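Me: I'm new to this one and would like to talk it through. Can I show you what I'm looking at?

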Amino acid sequence: MLQVKDVVKRFKSGGEEIAAVDGVTLEIPDATFASIVGSSGSGKSTLLALMGALDAPTSGTIHVGGVDVTALSPGKQVAYRRSRIGFVFQQYNLVPNLTALENVMLPLEFDGVKGAERKDRALALLRQVGLSGAKLGRLPGKLSGGEQQRVSIARALANGPEVILADEPTGNLDSRNGKRIVTLLRDLVVAKKTTVVVVTHDRGVANRADITFSMRDGKIVHTKNRGV
Ligand SMILES: Nc1ncnc2c1ncn2[C@@H]1O[C@H](COP(=O)(O)OP(=O)(O)OP(=O)(O)O)[C@@H](O)[C@H]1O
Ligand SMILES: [Mg+2]
């Protein structure tokens, strides 16, 4: 269960203070495919970053599997992110001087997976997102946006995370690859009991979610539960 309770995140910029997330309370059961929708600037990415302990809320608590991630020491937060969370960032955040394959191997290396197995597992993950051949040896800068996005999805899956937090994972993909990624994420929910939280502007993606949260001005203004 992922539980967000009374969470506020304020940013100060140029003397002004804005509440990017303004009192959000929500629950996402295990093995759920959840989506977050809302217009630009409504606080979706900020909320996702808080759920993944990439940033600390101004107030409120976030529990993942019963653990209050906002109360962990910085060192424990790093360990929590590495072992339990898979991130797909809106801007991909791939390591620019590593190839596609190396980017996916990196989290496995952090996890202590040995060389040959590391490569086999990374290749299998990249195949799942539809990448193979010469593209695997290219640096991110030599790949299209959609290809970089798929590398970042493969990387997020590498450690078998319990929770996948994905910011616009299909934003740069054509409809065929977009459907493929959504199907892959859905399959993980069913097969591995992974919890997937997807920020999306794509109605087709939101419609396939078990729960959809709509945000406006930092608040959840609507929750649509299709039953799990
Ligand atoms: N580090 C920051 N410093 C100051 N303001 C920020 C920061 N990050 C986000 N904001 C502001 O918080 C609000 C919410 O931003 P956020 O990125 O969460 O929106 P979003 O819903 O993800 O938008 P988009 O759909 O465009 O990605 C916006 O007004 C944004 O300008
Ligand atoms: Mg965003």
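Me: Which residues does D167 touch, leaving out those up to four places away in sequence?
Reply: Keep in mind that this is a predicted model. D167 touches S45, L48, V88, F89, Q90 and V199.

Me: And where does D167 sit?
Reply: D167 belongs to strand β7, which covers residues 163-167.

Me: Which side chain of opposite charge is nearest to D167, and how far away is it?
Reply: That's K44, 6.7 Å away. D167 is buried and has no salt bridge. The cut-off for a salt bridge is 4 Å between the nitrogen and the carboxyl oxygen, which is why K44 doesn't count as a partner.

Me: What does the D167 side chain make a polar contact with, then?
Reply: With the side chain of S45, at 2.5 Å.

Me: OK, new topic. Which protein donors does the magnesium ion have?
Reply: S45, through OG, and Q90, through OE1.

Me: How accessible are S45 and Q90?
Reply: S45 has a relative accessible area of 29%, so it's partly exposed. Q90 is at 38%, so it counts as partly exposed too.

Me: What about ligand 1: how many residues surround it?
Reply: 13 residues do, and the closest are S40, G41, K44, S45 and T46. The side chain of S40 has an N or O atom 2.6 Å from an oxygen of ligand 1. For the side chain of T46, that distance is 2.6 Å. G43 comes in with a backbone N or O atom, 3.0 Å from a ligand 1 oxygen.

Me: Are R186 and D210 buried or exposed?
Reply: Both are buried.

Me: Which residue does E117 pair with?
Reply: R121, with the closest N and O atoms 3.1 Å apart. Both lie in helix α4 (residues 115-128), four residues apart, which is about one turn of the helix.

Terms used: Residues numbered from 1 in each chain as written. Chains lettered and ligands numbered in written order. Predicted model: local features only at pLDDT ≥ 70, side-chain atom pairs only at ≥ 80, totals over all residues. Heavy atoms only, no water. Donors = N, O, S within 2.8 Å, 3.2 Å for Na, K, Ca; no water. Buried < 20%, exposed > 50% of the residue type's maximum accessible area, 1.4 Å probe, protein only. Helix = DSSP H or I, 4+ residues; strand = E, 2+ residues; numbered from the N terminus. Lys, Arg positive; Asp, Glu negative; His and termini not counted. Polar contact = N/O pair within 3.5 Å; in protein donor to acceptor, adjacent residues only side chain to side chain. Contact = heavy atoms within 4.5 Å. Near = heavy atom within 4 Å.
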